[in-house]
Amino acid sequence: MTTLRLLPYSSASGPEQMALDEAMLLSAHVRQEAAFRFYEWSEPTVSLGYFQSRQDHEQSQLRKLAWVRRSSGGAAILHHAPHELTYSFALPLALAKIQRGESWICRVHHAIRDWLKCQSILTRAVVCGEEQKKGEYLCFLHQTAGDLILNGSKIAGSAQRKHQGSLLQHGTILLTTSPYTSELPGLGELSGKLVPRESLCQGILETLGTQFGWDFRPDDWTQDEQRQANHIEAEKYRTKDWNERR
């Protein structure tokens, strides 16, 4: 068994959450210990992919919402509780290398798929050659290899960042349709079933534990991690130099 720190569920702003993810990644490298967390965003917030143009956001229907630039790639995601759930985990180098022939994005999405199947919700992962774009701006209109699809619509996507070999992966599961993005149906609309957030979180942890041999140990942020996250938030994710760099 591999023990992962299970950090507290939180509700916070976009800059705070992105800074916490980055602090978690840096800590995984320093401590050589993996960590996992679920979280939500305290207000409707758009996260832009690292390479995405700010002009794309300013020309979108979501331009009046709060926004932040992620350190990972991909397209824009609307984070709007309680309509979606965000997860992230950080793996030190030794653990990040253990992929058994497929990426961590695929491995985690397959685990989510397997738990949903136990709830009689049949999703499938996009395979190479099936990629398609149904729109340019929103991530959930991009169907790329590994994404989870239900009745033709994307319900889960993830992105990654690496630091000195350690890996950060964060992803979003679309639970229900947000009024800001009526074109994106969620699990509820597509399956006709309401999946409670708490059940989904617990089910994902149990499935990851069974499939990967992961044991989750409830833990809290250290004082050093909190100080580092506060510094990263102020010096990076709340600055124009970062958010408007493209």
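Tutor: Let us begin with a term: a disulfide is a pair of cysteine sulfur atoms within 2.5 Å. What you see is a predicted model, in which local features need pLDDT of at least 70 and side-chain atom pairs count only at pLDDT 80 or more, while totals for chains, interfaces and linings use all residues. Residues are numbered from 1 along each chain as its sequence is written, and side-chain values use heavy atoms, with hydrogens and water left out.

Student: OK, so how many disulfides does the structure hold?

Tutor: The structure holds 0 disulfides. Take Cys128, whose sulfur is 7.7 Å from the closest cysteine sulfur, the one in Cys106, and that is too far for a bond. Cys201 is in no disulfide either, as the nearest cysteine sulfur, that of Cys118, is 17 Å away.

Student: And is Cys201 buried or exposed?

Tutor: Cys201 is buried, with a relative accessible area of 10%, whereas Cys128 is exposed, at 68%. Here buried means under 20% relative accessible area, exposed means over 50%, and partly exposed is in between, using a 1.4 Å probe and protein chains only.

Student: Which residues of H6 are buried?

Tutor: Among them are Leu200, Cys201, Ile204, Leu205, Leu208 and Phe212. An α-helix has 3.6 residues a turn, so residues three or four places apart point the same way.

Student: What covers the buried residues of H6?

Tutor: The cover includes strand E1 (2-6), E3, strand E7 (84-91), helix H4 (104-118), strand E13 (166-174) and E14. Just after H6 comes Gly213, which takes a positive phi of about 75 degrees.

Student: Switching topic, how many aromatic pairs does the structure hold?

Tutor: There are 15 aromatic pairs. Rings of Phe, Tyr and Trp (its six-membered ring) pair if their centres lie within 6.5 Å, and planes under 30 degrees apart count as stacked, over 60 as edge-to-face and the rest as tilted. Phe36 and Phe216 form an edge-to-face pair, with 5.6 Å from centre to centre and 75 degrees between the planes. Phe36 lies in strand E3 (residues 35-41) and Phe216 in strand E14 (residues 214-218), so the pair ties together parts that are 180 residues apart in sequence.

Student: Which aromatic cluster includes Phe36?

Tutor: Phe36, Phe38, Tyr87, Phe89, Trp104, Phe212, Trp214 and Phe216 form one aromatic cluster. Arg107 lies over the face of Trp104, at 4.4 Å from the ring centre, and the charged end of Arg107 also sits over the ring of Phe212, 4.2 Å from its centre. A charge sits over a ring if NZ of Lys or CZ of Arg is within 6 Å of the ring centre and within 35 degrees of the ring normal.

Student: What does the side chain of Ser47 make a polar contact with?

Tutor: The partner is the side chain of His79, at 2.7 Å. A polar contact is a pair of N or O atoms within 3.5 Å; within protein, one must be able to donate a hydrogen and the other to accept it, and residues adjacent in sequence count only if both atoms are side-chain atoms. Ser47 lies in strand E4 (residues 45-48) and counts as buried at 0% relative accessibility.

Student: And where is Asp147?

Tutor: Asp147 lies in the loop between strand E10 (142-143) and strand E11 (148-150). At 3% relative accessibility Asp147 counts as buried, and its side chain reaches the backbone nitrogen of Thr144 at 2.8 Å.

Student: Last one, which peptide bond is cis?

Tutor: The peptide bond from Ala81 to Pro82 is cis, with omega near 5 degrees, and Pro82 is placed in the loop between strand E6 (77-79) and E7. For another backbone detail, look at Asn151, where phi is near 50 degrees, a positive value in a residue other than glycine. Asn151 is exposed, with a relative accessible area of 59%.

Terms used. Helices (H or I, at least four residues) and strands (E, at least two) are DSSP runs, numbered from the N terminus. Contact means heavy atoms within 4.5 Å.
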